[in-house]
Every structure is written in structure tokens, then in C-alpha cells.
Amino acid sequence: MSHEPVLRQIYDRVAEELGPQLSNLTASDRFAEVAGVADAVRNRAASELQRRSRRLLHAWNLPAGTDIAVLRQEIGALDRTVRSLTREVEALQRKLDNAPTSQKAPTTRSRPRAR
Amino acid sequence: MLESTGRRLRNTARYLLGVGEPELGQSPRQLVGTRDKVKLWRYESDDRHLAPPVLLVMSLVTKPVVFDLQPGNSLVEHFCNAGFDVWMIDWDEPGPADAENTLETYCDDYIPWAVESVATESGCGTVTLFGYCLGGVLSLLSVAGNPTMPVENLVVLATPIAPERGPAQLHPGRIAASFDETGNVPAELIRTAFVSLDPMDAWFTGRVNLWQRMDNDQFVMAHRVVTNWGNDHIRFPGATARQIAASFRDGNQILEGTFRLGGRRIDLGAVAVPFLSVVGERDHMAPPASSEPLLDLVGSEDKSELRVPAGHVGLFVGGSAAKHSIPGMIEWMRAHSGDAERPPAKRGRGG
């Protein structure tokens, strides 16, 4: 016999019935497709709103949110380039470390400048 | 009765007003290294008598603070108290620069970098890799794809290698329409995807449980801690999302052994190190059926599964975890570890 309050027992019965049905609904491909369309509509509405606010802000010579987003993307692209260059330098360094001593690049030593 | 009503009223008010938000991740730690945005942390401890060190690998969709929620309710604390040297990879929130990160970025670059760093910095030479949820999948792919990586043991928790609902949650149509201005999948979409796995629980049952036990200070605090973390999702790297969605397009490539990482075909049979899979019997995000094939797939001779009556987070968070699952994990790791001062002779490169 359950010691749960009556209201809780009623809730548990309802949840037991409804829970799996809700889960099956939200896990279906059909639901994902519908949600995808809803996301697309929402994104479209947001970009339209952004377009209008951008025109308004640009008319006052002010930067809009999309300008900042473009800047962030450009910084991101730059960051990716730096990462890729870093990996190349690391690979070269590894190659150099593993190379036989005779093949290693000569280390440059600065000579004191004649005065 | 009056006292209980008073507590209920006070906790309700605090909950609704957001007063007294618990502070998370209080265990002292040191930043040991960074690679791009990825951070490698080492937790401070006076007693690191067990080796190899344990490297925690979090999923890409939530913050790793769940490993160290609060004093007394922290996996990190349990591992440190047991004598392990505990490290953690923090992926950080992906930005525009991370939108092109693929599974190769994580499995062939970041994880091997972290493993090498821990193996070297700790002086042990090898690590126990410990992955949670998608972090478990990343760890598996990384170990299978990089056999010379110095991993001595592999532990995966709630790792959905055969998710029945994968295609619906990461439906290509939904993902394609959902990238944000940074080129990543927005955190909000990740949150709704998780909610949709069990909407009844997420929308109603959690709140009903909270209301029923609102006079229990400890329960209310624990509920707030887990809920705050659970709602604090982070963006998911765009290219990785596309790659995972593609891997599910015609079946399950990882399961079928046709998944390719950096051009190499990945066979989980290449995982040869001692292996433990921890499965929560009440886990609705990574149900037992989604983790079950692991034992057959990995090639390790020493492999086992630890089943515990817990949910996705309850595997290592909360009082029940402290009594059952965490001691089980510690026991297995201890049996597969040695003295930090005198490492066992078998210690070497796994794979």
C-alpha cells in the first residue's frame, strides 16, 4: 500500500499513462521535422527583425547586432587560421625533434656586433 | 507541522526569488595547460597515492562542473579522497572559432594532447580515461583511433553508443535550420532536445517532486544544484553536430564499425585496455539498451559493466551515488591501479 498523498497517487497514475506517449511523440522523426520547420520560421522572423533594425541603426550611423556578429565570425576565422598555423609549427617541430642530428637545422647563434 | 510549513514557505520564496543560489565547483584546482579554448585542470590533493591519474572527459553539451557540484556531493572529491590524482578537460563554450571543430578535433587532437600532458606532468606515464555521456563516446573513439596513446584504463559512464532516438534528437533537418550566428548549435536547442527525451519528467514530475518535498532543505538545495546545472547547456560545435547526424543517416556507423575518423576506419575492437562501462538502470538519456553493445564491441580482455539503479546524473550525484555507484567505480579503478610511488610493471602504453 502506497503512503503517498492521494493527489500524488493521482498524478503518478496520469504520468504513467501520459509520459510514454509524450516521449514517443517528441522522439518521432515527424516531431523533429515539425520542430525544424518551427526553428526555420523563428530564424526567418528573427533575421527579418534584424534586417529592419539594422537599416534603422545604419541610418543613424550606428553599428547593429549583425555587424558585431560579422566581426565575431571574422575573428573566429582568424583564430582558426592561427590554430591551423600552430598545428603546422608543432608538426614541423616534431619532425625536427625526430630527425637524425645531422639533418637538424643549424641553430643560429647571434654574433656580438662589432662596435 | 508549523515548523514544516514555515520551512516550506521559506524554501518556496527562496526558490521563486532565486535567493541563495548554491555555488558550484568549489574544489581547489590548478590550470595546468590550455590548447585553443580547451583547459586542462588538476585538482589539489594531499593524498595522491594511487596511479595512474584519472582524467575526466565531459560531454560537449553541458558544463563539466557537474563533476564537482558541491562539497559532499562531488565526484572529484570522492576520487581525491580515495587517493587518485584527478584531472579534468574543460571544453569551454564553443564560439565562432570552434564551429569547424569536428570529432577529429576532439578525438585526435584535444584528448591525446590532454592524455599526454597528464601522463607527462604527473610523472606516471599513463592515465585512466574517464568519459561521461558523449565524453564517453569521444574517449572510446580516441582510444580506438590512437592505439599508442598512453591510456591504461578506460571508464565510460552513461555512454549511448547505440541511441535509439539519436536520429530524432539530432535530426539533420532540424540541425541545418538551427545554427546560430557563431555557426554552432544553440544551447537552447540542446536543452529542448534533452527535455523532449522525457517531457513529462522535465516539465511536471520534477516540479511535483520539488513541491512535495519543499520542506526538506537538503532536497531543495540538491534539486536547485542539479536543475541549475541541467539548464545551463552550452552551444554544440556545428561541424561535430553535422558529423554525428551524418553518422546516423544510414544506421549507426560507430556500432557497425564503418565510422571514419580522420580517414581511418574506427573499430572499437581496437580498444584493448581494461574497460568499465557504468550504466544507470533509470537513465532515460542514455538508457541501458544504448550502452549494452559496448561490452561486445570493445576488444579488451578485461571488461565489465557496472549497473546501478540510478538516472543519468544520479550515477555520480547525490546520496545514493555516494553509497552505491561511486564506491563501485572507485573499487574497479583501485583494482586497476597501483601505488603512485611504485607503479606496476605492466604499466605502459595501452591500446
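The legends below describe close-up views of a predicted model.

**View 1. The open sheet of chain B.** Eight strands of chain B form an open sheet in the order 1-2-7-4-8-9-12-13, and their pairing is mixed. Strand 1 (29-35) and strand 13 (303-308) of chain B lie at the edges; each has a single partner strand, so one side of each has no neighbour in the sheet. From one strand to the next, the twist averages 20°.

**View 2. Strands 8 and 9 of chain B, with helix 4.** Strand 8 (residues 127-132) and strand 9 of chain B run parallel and are joined by six bridges. Within this pair of strands, Val127(B) is placed opposite Val151(B) of strand 9. Helix 4 (residues 134-145) of chain B packs on the sheet, where it touches strand 4 (54-57), strand 8 and strand 9 of chain B. The direction of helix 4 makes about 140° with that of strand 8 of chain B.

**View 3. Helix 15 of chain B across the sheet.** Helix 15 (residues 325-335) of chain B lies across strands 4, 8, 9, 12 (275-280) and 13 of chain B. Relative to strand 13 of chain B, helix 15 runs at about 165°.

**View 4. The largest nonpolar core.** This core has 95 residues, and those with the most contacts inside it are Leu55(B), Leu56(B), Val57(B), Val86(B), Ile89(B) and Val115(B). Helix 3 (residues 103-122) of chain B gives the most to the core, with nine residues. Beyond its neighbours within four places in sequence, Leu55(B) has contacts that include Trp87(B), Ile89(B), Val115(B), Val127(B) and Phe130(B).

View 5. Ile161(B) belongs to the loop between strand 9 (151-157) and helix 5 (166-169) of chain B. Ile161(B) counts as buried because 21 other C-beta atoms lie within 10 Å, where 20 or more are required. Apart from residues up to four places away in sequence, Ile161(B) touches Val137(B), Ile254(B), Leu255(B), Ser290(B), Ser291(B), Pro293(B) and Leu294(B). A separation of 14 Å lies between the C-alpha atoms of Ile161(B) and Gly269(B), which are 108 residues apart along the chain.

**View 6. Chain A and its contacts with chain B.** In this interface, 27 residues of chain A are in contact with 25 residues of chain B. On the side of chain A, helix 1 (6-27), helix 2 (29-59) and helix 3 (65-98) are the elements that give two or more residues. The residues on that side comprise eleven nonpolar, eight polar and eight charged.

Technical notes:
Residues are numbered from 1 along each chain as its sequence is written. Chains are lettered from A and ligands numbered from 1 in the order in which they are written. This is a predicted model: local features need pLDDT of at least 70, side-chain atom pairs count only at pLDDT 80 or more; totals for chains, interfaces and linings use all residues. Helices (H or I, at least four residues) and strands (E, at least two) are DSSP runs, numbered from the N terminus. A residue is buried if 20 or more other C-beta atoms lie within 10 Å of its own, exposed if 12 or fewer, and partly exposed in between; C-beta atoms are placed from the backbone. Two residues are in contact if their C-beta atoms, placed from the backbone, lie within 7 Å. A nonpolar core is a set of buried Ala, Val, Leu, Ile, Met, Phe, Trp, Tyr and Cys residues joined through C-beta atoms within 7 Å. Ala, Val, Leu, Ile, Met, Phe, Trp, Tyr, Cys and Pro count as nonpolar, Asp, Glu, Lys and Arg as charged, and the others, Gly among them, as polar. Two strands pair if DSSP finds at least two bridges between them. Axes are lines fitted to C-alpha atoms, for helices over the stretch in contact, and angles run from 0 to 180 degrees between N-to-C directions.
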